[in-house]
Amino acid sequence: MTRALPSRKVWVLVHRWAGLSLALFLAIAGLTGMALAWEDELEAWSAPGLLLAAPPVPGARAHDPVELRALALTRHPGMVADFLPLTIEPGHSLRLRVSWRDPAHAQGWDELFIDPYTTRELGHRHWGDITEGQVNLLPFLYLLHYTLLLGPTGRLVMGLAALVWTLDCFVGFYLTLPVRLKKPPVPIPRPVRRTNTPPGWWKRWKPSWQVRWRASGHKLTFDLHRAGGLWIWLALLVFAWSSVSFNLRPVYTTVMGVMGASDRRADLASLAASRPVLPRPMPALSFAQAAARGAQLARNEDALPHAGARWLWHVPASGVYVYGFTTRADIPDEGGGSQIAFDDRTGVLRLARPAARANLADRLTDWIVALHMARVWGSVWQVLVTIIGACVTMLSVTGVLIWWKKRQARETARIKTRLRTGPNTETIRPD
């Protein structure tokens, strides 16, 4: 005996309470996401003294990032910079994300900015600390966007919200579909006047895509909520599921693992188990040697020349360098999707993930992350992400307004019912 699926009324309740529980989170994510779609541009505006570095003379060449990193470590003993961008955008500074070997001697900042043309330090900041002023405006919005400024707890909350949002995308889409028409009763065999045939499925679904712009009040709000969700439904699903990948990684990797996706973080962690000795924070290969070795291994993987280098990352816990580079198979604009890992002592290749050999599930992950981060198709997609962020906020607000309107209608109906039936009679007991 098959169990019947929940009725439409049940799914309406599920959608209602899921939307109400998500409204605040999605409104914050939508508003902050509108700004983060232009993160690079707004960073250059809010912190020009740190991020911008003009050549002293036309045609001046920037120093090699490996040399700049070595110089910074000499200037700041005890500083650690395990991640190094290998390309610097013209007119911009080199940004080093740093930590401190001895926390007791930490300097209170974790980002250092260096002029690649003059090697002069432009300044530093503690990423996300809004008390430092405008220079941390975008990092502050970023923290608000994905952790609500609540650290790991906020990240978990936003991850759970993203998971509910993903599931609710399907519920909301289902509720826009036309209600199944009831089968007409068996006609009596007698001459009757011919009636019009019922409208087709698409004709009954078409109003869900339309907005009655001349309407006002509840009708307009309802149309904006239903049609707006349909117009950008696929984008909503992409942003919801990619948010799960950022904030609720175990759930994402479990689901995508069924489709054959790999967990790159787990793969790096597994390399540590194969090391015969404990990991050392100081690798035998220097960053300069590692950059050259990474470029050589990248060419062996049928990659682009050394100009395709994107970044170099030392992972002490796994005892490897990870080299990010660009190939013809990488996502446009984003780049760096291809990676190789090699031993930090011997340079032996330990793991290779060129984009050309990625399976469909891994490519899907790369794409939805790049779409979420507005790293593809230039300013066109940035504008669209801004619009999507505004729509997410609009859907949250209209959803709450629809619930409030219906709640008021139910309360009004209860009051009218009481007035028609009269006051309830109660037995009065003496004190």
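**Loop residues**

I started with T119, which is buried at a relative accessible area of 17% (buried means under 20%, exposed over 50%, partly exposed in between, with a 1.4 Å probe and protein chains only). T119 sits in the loop between β5 (111-114) and β6 (121-125), and its phi is near 70 degrees, a positive value in a residue other than glycine. Helices (H or I, at least four residues) and strands (E, at least two) are DSSP runs numbered from the N terminus.

I then checked W377, in the loop between α13 (360-372) and α14. Phi of W377 is near 60 degrees, also positive in a non-glycine residue, and W377 is partly exposed at 45% relative accessible area.

**Ground rules**

I'm reading a predicted model, where local features need pLDDT of at least 70, side-chain atom pairs count only at pLDDT 80 or more, and totals for chains, interfaces and linings use all residues. Residues are numbered from 1 along each chain as its sequence is written, and side-chain values use heavy atoms, leaving out hydrogens and water.

**Confidence**

I looked up pLDDT (the predictor's confidence in each residue, from 0 to 100): the chain averages 87, and 87% of the residues score at least 70. Over residues 427-431 pLDDT stays under 50, and the model has zero contacts there beyond four places in sequence (contact means heavy atoms within 4.5 Å).

**Helix α8**

Which residues of α8 are buried? I found T221, D223, A227, G228, G229 and L230. Their cover includes α6 (151-176), α7 (201-205), α9 (233-247) and α14 (378-421).
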